[in-house]
Every structure is written in structure tokens, then in C-alpha cells.
Amino acid sequence: MKKLTVFLVMVFCLGLLGCSKDGDVDAFVAELDSVTNEMAQKLEAGDVDAAQTAFSAKKDALKAKWETLKTARGFQVSEAAKKKLEEGFKKNTTTLQSGVMKGSMKLATNKGAVDKMQALMKDYMSVFGV
């Protein structure tokens, strides 16, 4: 009986380890960093259409990964992973806002481009429910 109980506890623990989403968080943050940095560079250069294209290419993948992560239960994501996710959002939002500001200053006389940048920023934030 004792052996059976120990065996069942070990199987349960292994099952919980298999449910960890920490690797998913790392992959999501890495992809988000990549997309955001690419968008910010293109926006700073004044190329709004290229930034939109870069975002559109990854939008569905980011959204799907985000949907998976936001439904994770407390035990599936470690505190370190939660902190990494939160810091990643802050850093990427700041990076994109900086790119929009620099691009807006460069294209200040082109209202259409500035409006596109702001729409792109809203679209980016809407993926994460912000």
C-alpha cells in the first residue's frame, strides 16, 4: 500500500511538471521582443507600412500564444516566469512607444502616417487585451 501511494504521488508530481507553461512564457517573450524591436526600428525610420507588415505577419501567432498563456493556472506558471512576462510587456510597450514617438517626429507633416502609427499601436495593444 505504501509503495502504491508513493508511486501515485510521483506520477501526480510528474504530471504537474508536464503542465508547466514556463517554456511557453520564454518563447512568447522572445517572439514578442523580436517583433516589437523590428516594428520600432521600422517606425523610427519612418516606414509605417513595413512596421505594419512585420506586425501582421506575427499577429495571429502572438495572439494564439497569449491566449494559451492567459488561461494558464497558477501552478502552471512560476513566479519567475510571471515576472519575466510582466517585465517583457513593460519593456516592449516602452520600446514601441519610443519608436512611434521618433517616427511621429520624423513624419510630423504627414498626418496620414502619424495616424497609421497610432492605429498600429492600438492594434498591437489590442492583441493583449489592453
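Which residues in α2 meet which residues in α3? This is a predicted model, where local features need pLDDT of at least 70 and side-chain atom pairs count only at pLDDT 80 or more, while totals for chains, interfaces and linings use all residues. Residues are numbered from 1 along each chain as its sequence is written, and side-chain values use heavy atoms, leaving out hydrogens and water.

Start by selecting helix α2 (residues 22-44) and helix α3 (residues 48-70); helices here are DSSP runs of H or I, at least four residues long. In contact (heavy atoms within 4.5 Å), you'll find Phe28, Leu32 and Val35 among the α2 residues, and Phe55, Leu62 and Trp66 among those of α3. By class, that contact has 15 nonpolar, no polar and 6 charged residues.

Next, highlight Glu31, Lys58 and Lys65: salt bridges link them in a network. A salt bridge means a side-chain nitrogen of Lys or Arg within 4 Å of a carboxyl oxygen of Asp or Glu.

Now pick aspartate 26 and lysine 84, whose side chains form a salt bridge (3.0 Å, N to O). Aspartate 26 sits in α2 and lysine 84 in helix α4 (residues 79-106), so this pair ties together parts 58 residues apart in sequence. Aspartate 26 is partly exposed at 36% relative accessibility; that label covers values between buried (under 20%) and exposed (over 50%), using a 1.4 Å probe and protein chains only.

Last stop: lysine 116 and aspartate 49, another salt bridge, with the closest N and O atoms 2.9 Å apart. Lysine 116 is in helix α5 and aspartate 49 in helix α3, 67 residues apart.

Technical notes. Axes fitted to C-alpha atoms, helices over the stretch in contact; angles between N-to-C directions. Helix = DSSP H or I, 4+ residues; strand = E, 2+ residues; numbered from the N terminus. Nonpolar A, V, L, I, M, F, W, Y, C, P; charged D, E, K, R; others polar.
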